[in-house]
Amino acid sequence: MAGRFITLEGGEGVGKTTNIAYIQALLEEQNIPLLLTREPGGTTLAENIRQLLLDKEQESIAEQTELLMMFAARAQHIKHVIKPALEQGTWVLCDRFTDATYAYQGGGRNMALSSIQWLENFVQGDLRPDLTLLLDAPVQLGMQRAKQRGKLDRFESEKMAFFEQVRQSYLSIAAHQSERVKIIDATQNLSSVQAQINQALRAFTQ
Ligand code: TMP
């Protein structure tokens, strides 16, 4: 595939929204054709699944249902958006992807990694991100920021222990796949976070 696939990951309140706009600007400055998208979501059906996943005013969602909904949304997104873009030579910048499933459903919900691996292979074939930037901050700090944004969704309403497991899972993925996953220290001020992002991207685009 001609395009490259970049993902942005991190726990709640680590500054993904601000920083994804910065990454987009950096790549577009280099005249790289780019598609910005997100998970769960990115197609009409996948965005509908996202709404169901984030809504906490409904019947409780079984963990298996949650895991399958993540991959159902992902299958749509890959088939209709991500693969066609990459095949055309467009780069794809995605706000979260399967590392989030390992962190939230694997770490947070304690679901078997073998089930996630099976679904990953089934849904994605050999599609994997080429580069992942992981925004990392202590859970307490991220949750303070998330609360300032307003009403918490179904995931944001989880307990601190859940987010601690999410963070540790992300850090473990980064430790095992250090070629692909670059940790960005999100506790720093914005210009320092952006300098770290700039450095990781420069090493990747050169
Ligand atoms: P967002 O906060 O990036 O908009 O993502 C929505 C929520 O979905 C976030 O709390 C993390 C969660 N999520 C999972 O639990 N598993 C996944 O595979 C993905 C992509 C997101």
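The model is predicted, so to speak of local features takes pLDDT of at least 70 and side-chain atom pairs count only at pLDDT 80 or more, while totals for chains, interfaces and linings use all residues. Residues are numbered from 1 along each chain as its sequence is written, and side-chain values use heavy atoms, with hydrogens and water left out.

Q: How far does a polar side-chain atom of Arg96 lie from an oxygen atom of the ligand?
A: For Arg50 the distance from a polar side-chain atom to a ligand oxygen is 2.6 Å, and for Thr101 it is 2.6 Å. For Arg96, the value is 2.6 Å.

Q: Which residue meets Arg96 in a salt bridge?
A: A salt bridge is a side-chain nitrogen of Lys or Arg within 4 Å of a carboxyl oxygen of Asp or Glu. The partner's side chain meets that of Arg96 at 3.9 Å, N to O. The partner lies in strand S1 and Arg96 in the loop between S3 and H4, so the pair ties together parts that are 87 residues apart in sequence; helices (H or I, at least four residues) and strands (E, at least two) are DSSP runs, numbered from the N terminus. The residue is Glu9.

Q: Is Glu9 buried or exposed?
A: Buried means under 20% relative accessible area, exposed over 50%, and partly exposed in between (1.4 Å probe, protein chains only). Arg96 has a relative accessible area of 12% and is buried. Glu9 has 0% relative accessibility, so it counts as buried.

Q: Which strand holds the salt-bridge partner of Arg167?
A: Arg167 and Asp136 meet through their side chains at 2.8 Å, N to O. Arg167 belongs to helix H7, 31 residues from its partner. Asp136 is buried, with a relative accessible area of 13%, and its strand is S4.

Q: Why do the buried residues of H7 lie on the same side of the helix?
A: The buried residues of H7 are Phe162, Phe163, Val166, Ser169, Tyr170, Ile173 and Ala174. They are on the same side because they cover an arc, taken from the directions from the helix axis to the C-beta atoms, of only 135°.

Q: What does the face of H7 turned away from its buried side carry?
A: The buried side is covered by elements including strand S1, helix H4, strand S4, helix H6 and strand S5. The face turned away carries the exposed residues Ala161, Ala175 and His176.

Note on methods:
Contact means heavy atoms within 4.5 Å. A polar contact is a pair of N or O atoms within 3.5 Å; within protein, one must be able to donate a hydrogen and the other to accept it, and residues adjacent in sequence count only if both atoms are side-chain atoms.
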